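I opened the model today to look up a few places in the fold, and I am keeping the entries in the order in which I checked them.

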Amino acid sequence: MKKFRLMMLVLVLLFSLSMLTAVTAQDEPFRVAVVSPSAINDLAFSQSMYDALLTIQAEMGEANFVFDFQEGTFVVDDAAVALRDWASSGNYDLIIAHGSQYGSVLEQLAPEFPEVSFAWGTDVNTFGLDNVFAYTAAADQGGFVNGALAALSSESGIIGVVGPVEVGDAKAYVDGFIAGAKAAKPDIEIQVNYIGSFSDVPLATEAANTFIANGADVLTGSAQMVVGAIAVAQENGAKWFGTQSSQSELAGDAGVLFQVYHWEVVLRDIIASIGEGKLGGESYTLTLENGGLVMET
């Protein structure tokens with residue numbers, strides 16, 4: 001009988017310890033580390049992710065969700081160092097490489113840390129790895145809406161598009177914009193200049209000025225360099241249509257409509273998957289239908 005009681009006591013103690021461990025684990029905050037190519041207030045790509053993380057933090061509570069955000073890491077080698085350090089530390093539940101230029105780094109790094117969950121975008125390629133999530137935006141959808149309204153609002157019949165690099169969601173946006181403009185006004189003239197940079201503000205400014213000189217009264221563009229083009233629109237009384245993040249405060253009266261990325265739609269699902277033990281292998285796309293893309297004035 002004494003042995004039975006002792007055994008029961010041991011079992012109760014073991015059960016109590018296991019429950020304590022579970023509670024402690026639950027009490028630990030969900031930790032995220034992010035590397036991005038530009039500033040958290042770039043009014044474009046990096047800010048869209050930073051704002052999404054703040055939204056998740058507000059929903060879950062600061063005690064339950066914390067994140068480190070390394071901004072301005074345009075140099076891929078610098079990003080690779082940060083990503084490896086975070087993965088090696090074992091301190092994070094999710095590591096995000098927010099930039100398509102980081103794909104090759106993640107493809108090599110993730111297999112070395114199979115117990116660490118990674119996410120990257122904009123792309124849909126998980127590299128066939130079970131610990132990599134991929135995400136992108138159907139930017140052509142909001143681009144189509146912007147293009148149609150831009151064409152209808154243009155009095156000169158000429159629109160200028162300042163593109164960064166002809167890849168990813170930037171290209172999708174421009175393609176969608178052109179399609180929307182042509183659908184609304186088939187004879188609209190659309191001048192496009194991919195300047196070959198996501199961050200070169202002077203070059204974007206020069207391109208926008210050229211469009212204005214050619215008669216454009218509506219401008220649009222993608223990536224953080226558009227702040228230069230927005231200034232040109234303001235100075236010349238042109239209309240501005242934006243994407244990725246709201247630029248309404250900067251654009252002022254020139255701003256008409258903005259396609260805003262809400263990455264929290266993706267992050268919620270990724271966090272839930274990790275909680276269930278699934279570290280990757282899925283790709284996500286923001287759309288107007290799922291609320292990941294929102295048109296804002």
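**Entry 1, a threonine in a strand.** I began with Thr-220, which is found in strand S8; helices (H or I, at least four residues) and strands (E, at least two) are DSSP runs, numbered from the N terminus. The model is a predicted one, in which local features need pLDDT of at least 70 and side-chain atom pairs count only at pLDDT 80 or more, while totals for chains, interfaces and linings use all residues. Residues are numbered from 1 along each chain as its sequence is written, and side-chain values use heavy atoms, with hydrogens and water left out.

Is Thr-220 buried or exposed? Thr-220 counts as buried because its relative accessibility is 0%; buried means under 20% relative accessible area, exposed over 50%, and partly exposed in between (1.4 Å probe, protein chains only). I then followed the side chain of Thr-220 and found that it reaches the backbone oxygen of Phe-241 at 2.5 Å. Leaving out residues up to four places away in sequence, Thr-220 touches Gly-160, Val-161, Val-162, Tyr-173, Phe-177, Trp-240, Phe-241 and Gly-242, where contact means heavy atoms within 4.5 Å.

Next I looked at H5 (residues 139-153) and H6 (residues 168-184), which pack at an angle of about 40° with their axes 6 Å apart. Axes are lines fitted to C-alpha atoms, for helices over the stretch in contact, and angles run from 0 to 180 degrees between N-to-C directions. That angle makes H5 oblique to H6, since angles under 35 degrees count as roughly parallel, over 145 as roughly antiparallel, 65 to 115 as roughly perpendicular and the rest as oblique. Among the residues of H5 that meet H6 are Gly-143, Phe-144 and Gly-147, and the H6 side includes Tyr-173, Gly-176 and Phe-177. By class, I noted 13 nonpolar, 5 polar and 2 charged residues in the contact of H5 with H6; Ala, Val, Leu, Ile, Met, Phe, Trp, Tyr, Cys and Pro count as nonpolar, Asp, Glu, Lys and Arg as charged, and the others, Gly among them, as polar.

In H8 (residues 226-235), I found Val-226, Gly-228, Ala-229, Ile-230, Val-232 and Ala-233 buried. The cover over these residues of H8 includes strands S6 (158-163), S8 (218-221) and S9 (239-244), together with helices H7 (201-213) and H9 (248-251). Just after H8, Gly-237 takes a positive phi of about 65°.

Gln-244 is not a glycine, yet has a positive phi of about 80°; it lies in strand S9 and is buried, with a relative accessible area of 3%. Leu-43, also not a glycine, has a positive phi of about 60° and sits in the loop between strand S1 (30-35) and helix H2 (45-60). The peptide bond from Gly-121 to Thr-122 is cis, with omega near 15°, and Thr-122 lies in the loop between strand S4 (118-121) and strand S5 (132-137).

Last, I recorded 10 helices and 12 strands in the protein, whose C-alpha trace spans about 95 × 35 × 30 Å along its principal axes. Of its 297 residues, 48% count as buried.

Key
Polar contact = N/O pair within 3.5 Å; in protein donor to acceptor, adjacent residues only side chain to side chain.
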